[in-house]
Structure formats: structure tokens, C-alpha cells
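Dear colleague,

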Amino acid sequence: MHAPLAAAAGRTASPATARLINDRLALQLLQSEGPLTAGQLKNLTGLSRPTVADLVDRLQAAGLVAVVGESGAQRRGPNARLYGIVADRAHLLGLDLRTRTLTVAVADLLGRVRAERTVPVGEPAADRPAATPADATAAALATALAAVDATLAEAGATAAHALAIGAPGLVDPVTGRLGGSAPTWHAALIGALRDRRTGTLLLENEVNLAALAEQRDGAARDRDTFVLLWLGHGTGAAVVLDGAVRRGASGGAGEIGFLPVPGTGGLPSATGCDGGFHSLAGSAAISRLAAEHGRSAPPADGPERTDAPPAEALVRNAVAAGDAAAGFLDDLAARIALGVSGVCAVLDPGCVVLGGEIGRAGGAPLAERVADHLARLSPLRTDVRAGTVGGRAVLRGAVLAARDAAQDDLFGPAG
């Protein structure tokens with residue numbers, strides 16, 4: 001049973017602060033439990049009946065809560081009214097930026113997606129050599145903004161109360177700017193959305209958002225401390241300690257591609273991760289390993305997914321092949337375990353989730369193999385799990401981050 005947050009605030013809490021905290025608790029319960037009667041809110045919060053009646057009136061007046069039904073066919077009247085959050089009180093925008101595609105989702109205040117689309121946002125310079133880099137960026141930006149506006153319109157919204165953007169590369173924790181060698185249209189789009197000033201804008205590394213999705217909806221729901229290992233074109237990691245993402249002093253926590261490991265024939269440098277873990281577990285390295293085992297990717301069906309790592313199909317095909325591909329999967333798992341063992345030696349997270357396109361393609365069979373190899377390398381007990389959120393992990397994390405920001409604004413203090 002939930003204890004009243006007003007009590008947790010201590011005797012020094014002013015009446016106004018106590019009201020805000022109790023309102024927040026009620027809204028959190030309506031989000032997690034669904035519609036509730038005033039009596040159910042009283043039981044779950046431990047608050048008095050008059051206090052609950054007052055907070056329901058306040059939340060209705062603020063447009064955050066409305067009567068959505070009655071609790072039973074045999075019950076009528078005020079005591080049977082079911083109260084629920086007004087989901088359309090705010091719209092949320094989540095963006096997943098890739099090298100050549102953009103995925104946009106618009107969700108309501110409860111995080112339910114109302115509209116979603118993916119569009120190619122290629123730099124047209126290759127197709128039109130006469131185009132200048134500035135022309136290419138302008139064309140890509142126009143395509144991206146059109147996709148954002150069309151998705152908002154489809155969801156019946158004109159603007160977002162909060163928006164969160166997941167992008168590859170480092171996000172400077174001081175300036176909030178995207179670093180690294182991302183396509184120029186990424187920075188242009190982020191800047192254009194900032195200029196609109198229509199709501200809170202959050203910019204986050206894509207792997208950190210994928211970890212948020214796994215923490216709330218996926219494989220790490222029972223863990224306050226874990227590491228998400230991202231396996232895609234390259235490698236990365238998100239570090240979650242005591243329920244919070246840890247970004248590091250410069251936003252570089254989790255740059256596991258630079259981790260020195262045996263078997264690469266070299267060492268990484270300040271200017272490149274070749275020779276580090278990336279050289280063992282990046283998509284190109286996995287493709288070479290598959291070739292050594294005589295495995296090749298099946299022909300692609302339909303239009304090629306330009307942002308999909310080449311190794312994704314190789315790993316998925318190997319899992320489907322079972323024993324015929326056991327050698328390849330075992331060798332791949334041994335490579336992945338080298339990187340995981342380094343993470344475990346420093347952080348002891350107790351749980352590592354394999355995410356990204358390749359982690360998802362490997363699923364439980366790859367995770368189990370990694371766990372077996374890791375047990376030989378590290379004395380620290382570590383649960384290795386396959387990510388379960390799926391191919392929309394970054395987008396889902398963006399929607400959840402935007403939801404948190406909007407609710408912090410609309411619901412009042414978080415505690």
C-alpha cells in the first residue's frame with residue numbers, strides 16, 4: 001500500500017506543498033492503476049476522504065482528471081464515479097534520429113502512441129553531385145520537419161508539450177549540444193525544433209533512451225542497477241545505477257567501443273575506436289567472423305533497410321539455424337563477453353541487457369551463451385538478458401522521457 005507522500009514530506013511541509021504532493025501521488029496512481037474511484041484513491045493513498053475529495057476537485061478544475069465511467073453496474077452516484085487522467089491534456093513528441101532515417105511518434109499524456117511514421121532523410125548530395133552540402137542539409141531538414149508536422153497533425157495536435165530526441169553521439173551535459181560526427185541534418189533539426197519553443201526539449205544519447213525503455217517496459221523492469229549493451233553498427237552502453245542513467249562528466253559514460261580488449265591486434269586511440277571492443281563486436285567485425293564460419297546473410301526481401309547493420313541478418317539467420325551455426329554464435333558470444341567482463345569489473349551491475357539490432361537478433365540464445373562465457377571470466381554474478389522492447393526501443397525511450405518531462409510540469413513536484 002502507498003504511504004501518503006504528504007506525511008513523507010515531514011511536518012514542516014506547508015499546506016500548499018502538501019496539496020501539491022498529494023495531487024502528484026493521486027495522478028501517479030491514476031497513471032499506474034488506471035481509472036479509480038475516490039474511495040479507491042483514499043485506500044491507496046491513506047489520505048482522508050475530505051482530502052481526497054478536495055484533490056479530485058482541484059485536478060478536475062485543472063483539466064487533468066475527468067469522470068470516465070462508473071465502477072459497477074449495481075452502483076450509482078458520486079461514490080461510484082471513476083476518475084481518470086485526461087490523456088489529451090498534452091501531446092508528447094518522440095524522435096529517433098538515424099544516419100539516413102527519422103522515426104517520429106506522437107503520444108498522449110499517458111504515453112500511448114497516437115501516430116507514428118518513419119521517413120528516409122538522405123543527404124541528396126550523392127544523387128545530385130551539383131548540390132552543395134548546405135543544399136543537402138536544407139533538403140534533409142525540410143523532409144524531417146515535414147514528417148514531424150504531419151505526425152502531429154495525424155494525432156490531432158498542433159504542438160508538443162514536451163519532446164525528446166534520441167540521437168547517436170555524445171550529448172554534452174553542460175551545453176546540451178550533440179557532439180561527434182553525426183550528419184549535419186541532425187544538428188539542423190535539433191536547432192529548428194529548439195527555435196520553435198513550443199515545449200520542453202530533451203536531447204539524449206540513443207542508447208540511454210533505449211535503456212529507459214528497457215527499465216520501464218522491458219527486460220530490466222525488476223532492476224534499479226543494470227547496463228544496457230548496445231550492439232548495432234557500432235557498440236555502446238548505457239549505465240543505470242540506483243534507477244538513474246549516469247552520463248559521466250562529459251556525457252561519455254558507456255563508450256565501450258574504446259575499451260581495450262585482447263584479440264583485436266591493436267589498441268584504440270583518442271581519435272578512433274579501432275583496436276578496441278568495437279573491432280570485435282561492431283557490425284563489420286561480426287560480418288567478418290560469420291564469413292570465417294562460412295556463413296553469409298540471406299538476400300534481403302523488399303526495399304533494403306538502409307540503417308540496418310549488415311550483421312543483423314547474419315545473427316538472426318544463425319539463431320534460426322540452431323546447431324548448424326553454434327560455432328559462430330559461440331565465438332560471437334565469447335567476444336561480447338570480453339566487453340561485458342570489463343564493465344562488470346568496474347561497475348558490478350548485476351545485470352546486463354543485450355540491446356541494439358544485433359542484440360535483439362541474437363535474443364535469448366545469444367544472451368545465454370554470453371552468460372556462460374562471462375561466468376568463466378568474472379567472479380561477479382551477472383544476469384545477462386536479451387532486450388525485450390524490440391526495434392522501437394529508442395523511440396519508446398524518447399516518448400517516456402517526454403512523458404516524464406510533461407508530467408513534471410503539469411503534475412507538480414515529483415517528491
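Helices α10 and α12 are roughly parallel to each other. This is a predicted model, and the remarks below should be read with that in mind. The axes of α10 (residues 310-321) and α12 (residues 356-377) cross at roughly 10 degrees and come within 8 Å. On the α10 side, the contact is made by Ala311, Glu312, Val315, Arg316 and Val319. These meet Glu357, Ile358, Arg360, Ala361, Gly362 and Pro365 of α12. By class, the residues of this contact are six nonpolar, four charged and one polar.

The contact of α2 with α3 comprises five nonpolar residues, one polar and one charged.

Turning to the strands, the model contains an open sheet of five, with mixed pairing and the order β10-β9-β8-β11-β12. The edge positions are taken by β10 (244-246) and β12 (383-386); each has a single partner strand, so one side of each has no neighbour in the sheet. From one strand to the next, the twist averages 25 degrees.

Within this sheet, β8 (residues 226-231) and β11 (residues 351-355) pair in the parallel sense, over four bridges. Val227 has Val352 in β11 as its bridge partner. Helix α7 (residues 206-217) lies across β8, β9 (235-241), β10 and β11, and runs at about 125 degrees to β8.

Finally, I would draw your attention to Gln407, which is located in helix α13 (residues 393-411). Is Gln407 buried or exposed? With a relative accessible area of 5%, Gln407 is buried, because the cut-off for that class is under 20%. Leaving aside residues up to four places away in sequence, Gln407 touches Arg24, Gln31, Leu109 and Gly412.

Yours sincerely

Methods
Residues numbered from 1 in each chain as written. Predicted model: local features only at pLDDT ≥ 70, side-chain atom pairs only at ≥ 80, totals over all residues. Heavy atoms only, no water. Nonpolar A, V, L, I, M, F, W, Y, C, P; charged D, E, K, R; others polar. Pairing = 2+ DSSP bridges. Helix = DSSP H or I, 4+ residues; strand = E, 2+ residues; numbered from the N terminus. Axes fitted to C-alpha atoms, helices over the stretch in contact; angles between N-to-C directions. Contact = heavy atoms within 4.5 Å. Parallel < 35°, antiparallel > 145°, perpendicular 65-115°, else oblique. Buried < 20%, exposed > 50% of the residue type's maximum accessible area, 1.4 Å probe, protein only.
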